[in-house]
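Have the coordinates open as you read.

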Amino acid sequence: MKQFPARYLSASIPLIACLLVSAANLLAQFTNRYPKVEGYRHHIYLEGYELPLLAAGVIDPAVSPQGDRIALASRGWLWILDLKQSRARRVTRKAGVDSRPAWSPDGRRLAFVRDDGSDTRILQLDLQSGQEAVLVDSGAIDLDPAFSPAGDSLLFSSAQAGDLDIWKLDLASGQSVRLTSERGLELRPLPRPGKGGVLYLSKSRAGQDQLRLLNTEDGSHTLLRREAIASQIRPALGPEGRRVAAGWPAQLHWNLWLLDIENPPVQIQLTRNFPLPLMPTWSPDGSTIYFVEADAQQVFRLKKVPVQGGPVQQVPIASWDWGEPTGRLTIHTRLAGEGRPVAARLQVHDSNGHPLVPDSGQVRFDSQSGRNYFYSAGSVQLEAPLGEVQVVAARGLTAAPVQARLRVDGSSGQQIRLDLAPLWNPQEGGWYSGDHHFHLNYGGPYELVPDDLLPMLRGEDLDVATPQLANLHNRFQDLGWWQWRKLDSPPLIAFAQEVRSHFLGHLGLVGTSTVFWPWYWGPGYPSYDRDDRPNAEALAHARQQGGVGLYVHPVSHPAPFSEQGLSSIPVNLVADAVLGDLDALEVACLWSDEGGTSQVWHRFLNLGIAVAPTAGTDAFPNFYRSMNVGATRVYVRPEGPLNMSSYLDALRSGRSFVTSGPLLDFRVEQARPGDVVAVGSGKADWTLDVYSALPFQELEILVNDRPAWSANGLSQAGQASFEGTLRLPSGGWVAARAQGGETVWPAMDSYPFAHTAPIWIGSRGSTEPQASRQAARDLLKALQRAQARLEQAYADVSIPRLKKRFKEAQQRLESWID
């Protein structure tokens, strides 16, 4: 590979600037996989909470009008369960993922949702002929079909007018009319038989979810129940049109409730302490409510409960009729050169392109690439229709994915073996990987326990994980697991905490022994919206307990110091860093922009503020639609044996690099990230070894935020080595960075990115005067914008503590400038 001469602030800088401009279109944070719904900022929640699932077991049950059959989804197809025979028969078999079946009143047709991995549409299946017809394909998200009582029209939810509204399709003419037009999401329309009106869900952008009854004559609605972020609610209307069955969240569990439309305050609890009863449906005689719930192996089981309450029973399914011959195959993943079993991430699909899933274990969807995947401990069995099966295996970021094909012929003992060959062994160099920001349970359809993390952490080759407790609006998630630890051998796991002073910026507290209270405060949050509480209070809590305090997903704009980008910097971030209260910054995260965050971080470094880089995905393991834990990660170099204490010491000290793909081993005169290099003659030799399981666009060495050397990145997975000589200034820092290009597996972030912590010149926290003054000017501008936002949000509230910190930070920055 071509090497460029190393130089500091030389004539090569304009070329590098051109490279950066050409790469700009490839640098952006994740926004959406499916067609964008207007006004919905965090599309990952919309896609995670509202779009259909793919899972083993039973989801989306719908009892037939005759009460003898249940339509359901399983493994991405639709099935009909004969309740007398306990036999399920598959009725769809296309490439898309099918879900949410709804019966026609005569029991001859099903309307359902088909998901192709980037959009959804609504189809109709004639059960006698097997013929399919498209009913709704708006080019936007289309969901939740329900036939009218007469069967002549179809209600559904669609974003074709911008956000998700309730629509009515006349099946004879094919014409649709919109029934709701409020801002927000309107979902799950259910016509009220015999009484008129439509039951539906309204989900506002403020997190207030409401069960409503729509009067179709005048467009008015009646509020039946309200809840903060009822993420998995799928109400079912009783056959008489009066009672509603729905799962509602409580502090520790979800429970199934009955609600009387004509007397909404009257509600009856049907289940108690069930972790997550979902997707209720009524028998046509109104005597029984069926629902589903995932078991400890993440398999959804069909259950039922009498409408008057009583014991919950599991509905047996004795056999599954695929409607065609199938075979079983075993997939083995091995470490190349050693042959030993190794945990891995797998994507498997049949000859139609339909995803195949194991009998147990959670299935996931990569919202970046549109791939379905699951984890294997080293061997896993699958059932598949006869024909060709393709398997893709990946493991973390050190090995390029491998794939294999096999023709399933129904014979016994069919196997596929995939050998994963790591490009680098980080542990041999003393590096250990960690993800310090994700949430075990956060409103998804599964109720996970900490042991459920082990398959994914091993499959992603992660050594350390600190899942964060967090509030889901007014509910405290995973608080019962706070004392749970796994510290005997990698992967090490200890719970951390996300503190959401929502308006001021979200914080991560890692390595603390006690929980910080309150978990949330500031404008927009209940009860604590007038708190005059700076983020420094929570950051001090972490320091006092030997932990690490950091800002998470900090900057979403790629140009944070532009006029538009200034408001993307968290309100309290600059003040906390300038006043010395910040330990680390989450430079790499799925939901923020690494390039933009780095620009803010570089200004801190140029002032000699030794804020360490860290990384966390902010992923949601109990979602179906979520990127993997470890998609953005930090590699840390502890002193001595790996344990949680030595690891956190190294993280805090900046002996690290962050990445969403490329791996960087960077040295200046043998000093490594977090170390100090002597100035000496002003020249320093450097080496950079790069390992990447995916292509990326460019490599750079930065000195005080300015490119001093660059080279083209890797055009394919592989390894490259570089060396050269730098001319060092009297103070400041040196770091290596890789970035740009398209995201392909094994990566799942928006673009490839890696950045080492600084190697300090002369002494830790040294500076170069010109770079320091410019950084202070930029940060003062950001501080002033933040203060204006603060005063506007707290216009009628006295906040002397917050204002004092801003004044002190301003004085500090002005002293640097002067």
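Which residues are linked in a network of salt bridges? Arg192, Lys195, Arg242, Asp260 and Glu262 make up that network. A salt bridge here is a side-chain nitrogen of Lys or Arg within 4 Å of a carboxyl oxygen of Asp or Glu. Before going on, please keep in mind that this is a predicted model, where local features need pLDDT of at least 70 and side-chain atom pairs count only at pLDDT 80 or more, while totals for chains, interfaces and linings use all residues. Residues are numbered from 1 along each chain as its sequence is written, and side-chain values use heavy atoms, with hydrogens and water left out.

Searching the whole structure gives 47 salt bridges. One of them joins Arg785 to Glu563, with the closest N and O atoms 2.2 Å apart. Arg785 belongs to helix 8 (residues 769–793), whereas Glu563 sits in the loop between strand 43 (548–551) and helix 5 (573–578), so this contact ties together parts that are 222 residues apart in sequence. Helices (H or I, at least four residues) and strands (E, at least two) are DSSP runs, numbered from the N terminus. Glu563 counts as exposed because its relative accessibility is 53%; the classes are buried under 20% relative accessible area, exposed over 50% and partly exposed in between (1.4 Å probe, protein chains only).

Another salt bridge pairs Asp581 with Arg805, the closest N and O atoms being 2.6 Å apart. This pair also links distant parts of the chain: Asp581 is in the loop between helix 5 and strand 44 (584–588), and Arg805 is in helix 9 (residues 800–817), 224 residues away. With 13% relative accessibility, Arg805 counts as buried.

Next, look at Arg637 and Asp675, whose side chains meet in a salt bridge at 3.6 Å, N to O. Arg637 lies in the loop between strand 46 (633–636) and helix 7 (644–653), and Asp675 in the loop between strand 48 (663–668) and strand 49 (676–677), so parts 38 residues apart in sequence are tied together. Arg637 is buried at 11% relative accessibility, while Asp675, at 24%, is partly exposed.

Three strands form an open sheet in the order 30-26-33, with mixed pairing; two strands pair if DSSP finds at least two bridges between them. Strand 30 (379–385) and strand 33 (414–420) are at the edges with a single partner strand each, so one side of each has no neighbour in the sheet. Strand 26 (residues 326–335) pairs with strand 30 in the antiparallel sense over seven bridges, and His332 stands opposite Ser379 in strand 30.
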